[in-house]
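Take a look at how two protein chains meet. Start with the overall contact, then move to single residues.

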Amino acid sequence: MGKKVAKEVSIAVAEAVAQCNVDVISAYPITPQTHIVEHLSELVANGELDAEFVPVESEHAALSVCIGAAATGARVFTSTASQGLLLMYENLFIASNYRLPIVMVIANRSISGPISIWNDHSDVMTTRDAGWIQLFAENGQEAVDLIYQAYRIAEKCLLPVAVNLDGFTLTHVVEPIEFIDDELLKKYLPPLKMKYKLDPRNPITIGAIGIPEIYTESKKAQDEALKASYPVILRAWREFARLTGRKYNPVETYYMEDAEVALLIMGSLAETAMNAVDYLREKGKRVGLLRFRLWRPFPQREFIKAIGKVKALGVVDRAVSHCSTGGPVGIEVRSALYQSNKRPRVVNFIAGLSGRDVTVEDFVEMFERTYQALKEKPKAAYEIYGVKE
Amino acid sequence: MRKELKRFKGFTLKNMPREEFFAPGHRACQGCGTVLPVRLALKALGPDTIAVSATGCIEIISSPFPYTSWRVPWIHVAFENSASVASGIEAALKVLKRKGRFPKRKKVNIVVFAGDGATFDIGLQFLSGALERGHNLIYICLDNEAYMNTGVQRSAATPYGAHTTTSPAGKVIKGQVTWKKNLPAIVAAHNIPYVATANPAFYLDLMNKVKKASLIEGPCYIHVFSVCPTGWGCKPEDVIKVAKLAVETRVFPLYEVIDGKYILNRKVDKPKPVEEYLKLQRRFRHLTPEQIEYIQKRVNEEYEKLVKLCECFPAS
């Protein structure tokens, strides 16, 4: 095993991408993604990474370049955030339907308006239906590991993968990182070989028009492909654990074994929430924490298993779905529960928008409010938490 | 002269390749003036070609799954971004050749076929980006002067006075009120090695321009006049006649810009009146004599400007 080094997470992520020996990188600058692509372009400029860096004129073009390059059989990388992701929007759906193994890092940031560069999940949550495999990192080590895993998963499943990192709170912090050895990575990530690609020696047509007679079938095939990625993801994680000792699961749990009340969260805020769990556990409260690492395909079975016997579940969303039945995660969690026999009370908080701090005290408060739900059903489907009156 | 063109041999009727890379059986309208240049361009490029299409007529008529007219590898992604998709293909082939994952010596043409809407309007930024970055690709704009695929709406390529469904000939406003955007000039301002206009009525000239573009290293742009009988309201059998008249009336001059040097391929010293060109098309039938006079004046002015450019920056 390699030794731990202190790195800014963005730099570490770029180095992990370079370790994966990518062929084509295309990106457009947007805060807070910039350090990742700056470092990659530096590696290319210094001859440390043999890749083409295509500095495009927009994010739409960045993903378009990746689509063209991936369809030609190249290993590709792009990264964006916020408005950039929204500008890419139509291409996201095309990339997944064309079964292209693109890896993208989203440095999660709120979306306009009002314009804000700070962190929440409102950008990525608009892409829930885009057919990408969606992963969320909690810390720097996980961010780096998810890059290695993302390429393996993408190329085994022929599906695009988005690795989500919280903007600033994760991308811009310095953390101890353990990179995996290049030789080990070679075993874990074999070279990309695509059976169907743009090659004059074997002409194929990509992007034909889907007439009504075949559109449904095309969508069904795509849905099956995303569903089939689930066991591949689990295998990729098992293999990773075998090689590195670092274990990954679709749903991470913290003190869930005997929890009666739990919070569910995604991304780096989970680390703060753990402190709140520790604090309440010391006081004798049976609380626990759940975190989705895998968001698409939705880990239905693992989620239902992970909630154990909780009587109330507080879902902390980092995005608003205006006047809907909850925040994006809240809606899906309720729907997932409805398909099971478990019926915990669900309280849905929308918190930490645009980098608003969510402190240990806030999480303690959310736990208390979730406890209250045991006695009294929440009045609203969701609540935007911590609004200043 | 560019070194790539020193030993350039053009196509003639005798050495015209027999192979077709755009298969018959596609769903284009009768007399389509857009399919013809695609067929000719692919003939000139040959099998070692990867084609990219923007959303539009060509994409729709050539690829109703499970059928395809493309005998070369082909990809369509979206409306505006074909120049970026082609950039990605070019970058990929470059690096794959370097890394030994694609035959190093195999020269592959990367060609874009995009309509005027996809080029003048929604895709201009993407085209500009690809040209500025200097990718080795050929961008062919198939200019049929409106959004034909969606039912003849005006674009920035629609000529002055033309009736379209969004620039209708009404009682007060009589068709398109603006003059056509000069896209070859905008492209030439990117200082790319090769810009040309072409017209399928002059098919050898068109094929030779495509061939030159395939030999030249760097971004090349060919602007193809593509008569649309459906949208323009001309007879399918008159498509070539209309296309020819566009050159003979100076409406669409044939020229090349090679490394900033201008060549007028067909000098039109005794132009036919524009009215001859206009009267064959229903989209112009409402024009008043004043409007026709304005068109005639402006066409001559634009042509004179081009002649001046050719005099000031002549190819050696």
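**Where chain A meets chain B**

The contact draws on 42 residues of chain A and 44 residues of chain B, where contact means heavy atoms within 4.5 Å. In chain A, the residues that lose the most area to chain B are A:Glu52, A:Pro200 and A:Ile209, together 19% of what that side buries. The two chains bury about 3,200 Å² between them, 62% of it on carbon and sulfur atoms. Buried area is the accessible area (1.4 Å probe) that two parts lose on being put together, summed over both.

This is a predicted model: local features need pLDDT of at least 70, side-chain atom pairs count only at pLDDT 80 or more, and totals for chains, interfaces and linings use all residues. Residues are numbered from 1 along each chain as its sequence is written, chains are lettered from A and ligands numbered from 1 in the order in which they are written, and side-chain values use heavy atoms, leaving out hydrogens and water.

Now look at charges. The rule finds six salt bridges across the interface of chain A and chain B. Each is a side-chain nitrogen of Lys or Arg within 4 Å of a carboxyl oxygen of Asp or Glu. A salt bridge joins the side chains of A:Asp23 and B:Arg101 (3.0 Å, N to O).

Strands meet too. β9(A) is joined by two bridges to β2 (residues 74-76) of chain B, and they run parallel. Strands pair if DSSP finds at least two bridges between them; a strand is a DSSP run (E, at least two residues), numbered from the N terminus. Here A:Ile206 stands opposite B:Ile75 in β2(B).

How values were computed:
Helix = DSSP H or I, 4+ residues; strand = E, 2+ residues; numbered from the N terminus.
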